[in-house]
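The reader may wish to keep the sequence and the coordinates side by side.

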Amino acid sequence: LRAVREVKGLSGVPAYVAADALLAMGDDVREAVRRGLDDPDPGVRYVAATVASRGGMASLLPRVLQIFRTDRDERVRAAAARTLGVIGDARVIDDLGRALAPREPAAVRLAAATALGEIGAPAGVPLLRSVLAAGDRRLAEVAAGALASLSHLKSLDLSHNLISDSE
């Protein structure tokens with residue numbers, strides 16, 4: 001992860017290269033990712049949050065949520081939001097909903113809407129509906145897509161229940 005850091009004005013290894021390399025290492029990177037989430041360099045935190053989402057590192061949820069709430073770098077916060085969506089813990093829905101506010105950076109708002117759709121909990125529906133007419137066309141598109149996937153999941157669940165009841 002140190003290879004991502006900027007040194008003397010020169011960029012380090014591109015974030016996607018570092019993320020792919022870490023993911024290729026498997027579960028052995030969990031501790032490095034945990035340390036990366038606490039790194040002072042936003043590029044390192046971004047890569048760590050990205051790897052945590054792709055690596056299914058649910059044990060890092062408390063730290064990822066803290067980064068989502070407080071990090072000053074919007075790329076890091078957006079990556080943390082994506083990770084929260086992948087982890088899928090409904091306890092973060094209120095935090096993601098607060099990030100849909102107009103005062104938040106666009107990247108964070110879009111990632112929060114996507115994450116709410118990925119979590120798939122009914123509590124996310126009113127939050128996603130609240131931004132449909134908010135004036136941000138891209139956010140409305142993402143929220144509508146998330147709502148569509150939620151309704152699709154709900155109809156699949158309902159179909160499954162109907163089939164199970166008829167057996």
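Leu96 has a relative accessible area of 0% and is therefore buried. In this predicted model, Leu96 belongs to helix H6. Which residues does Leu96 touch, not counting those up to four places away in sequence? They are Phe68, Ala81, Leu84, Ala112, Ala115, Leu116 and Ile119.

The largest nonpolar core comprises 44 residues, and Leu96 is listed with Val33, Phe68, Leu84 and Leu128 as having the most contacts inside it. Two or more residues of this core come from each of H2, H3, H4, H5, H6, H7, H8 (124–129) and H9 (137–166). H7 supplies the largest share, seven residues. In soluble globular proteins, nonpolar side chains tend to be buried together.

In H2, which covers residues 30–37, the buried residues are Val33, Gly36 and Leu37. Viewed down the helix axis, the buried residues of H2 fall within an arc of 100 degrees, and so they line one face of the helix. An α-helix has 3.6 residues a turn, so residues three or four places apart point the same way. The buried residues of H2 pack against H3 (42–54) and H4 (61–70).

At the start of H5, a side-chain oxygen of Asp73 comes to within 2.8 Å of the backbone nitrogen of Arg75. Beyond the other end, H5 is followed by Gly88, which has a positive phi near 80 degrees. Which residues of H5 are buried? They are Val76, Arg77, Ala78, Ala79, Ala80, Ala81, Thr83, Leu84 and Gly85. The buried residues of H5 pack against H3 and H4, and also against H6 (93–98) and H7 (106–119).

Why does Arg77 count as buried? Its relative accessibility is 10%, and the cut-off for a buried residue is under 20%. A polar atom of the Arg77 side chain lies 2.7 Å from the backbone oxygen of Phe68. Phe68 is also one of the residues touched by Leu96. With neighbours within four places in sequence left aside, Arg77 is in contact with Ile67, Phe68, Arg69, Asp71, Glu104, Pro105 and Val108.

The view can now widen to the whole chain. The secondary structure of the protein consists of nine helices and zero strands, and the order of elements from the N terminus is α-α-α-α-α-α-α-α-α. The protein has 167 residues, of which 41% count as buried. Among contacts with a separation of 6 or more, 61% join residues 24 or more positions apart. The protein exposes about 9300 Å², and carbon and sulfur atoms supply 55% of that area.

Key:
Residues numbered from 1 in each chain as written. Predicted model: local features only at pLDDT ≥ 70, side-chain atom pairs only at ≥ 80, totals over all residues. Heavy atoms only, no water. Buried < 20%, exposed > 50% of the residue type's maximum accessible area, 1.4 Å probe, protein only. Helix = DSSP H or I, 4+ residues; strand = E, 2+ residues; numbered from the N terminus. Arc of directions from axis to C-beta. Contact = heavy atoms within 4.5 Å. Polar contact = N/O pair within 3.5 Å; in protein donor to acceptor, adjacent residues only side chain to side chain. Areas by Shrake-Rupley, 256 points an atom, 1.4 Å probe, with all protein chains shown as cover. Core = buried A, V, L, I, M, F, W, Y, C linked by side-chain atoms within 4.5 Å.
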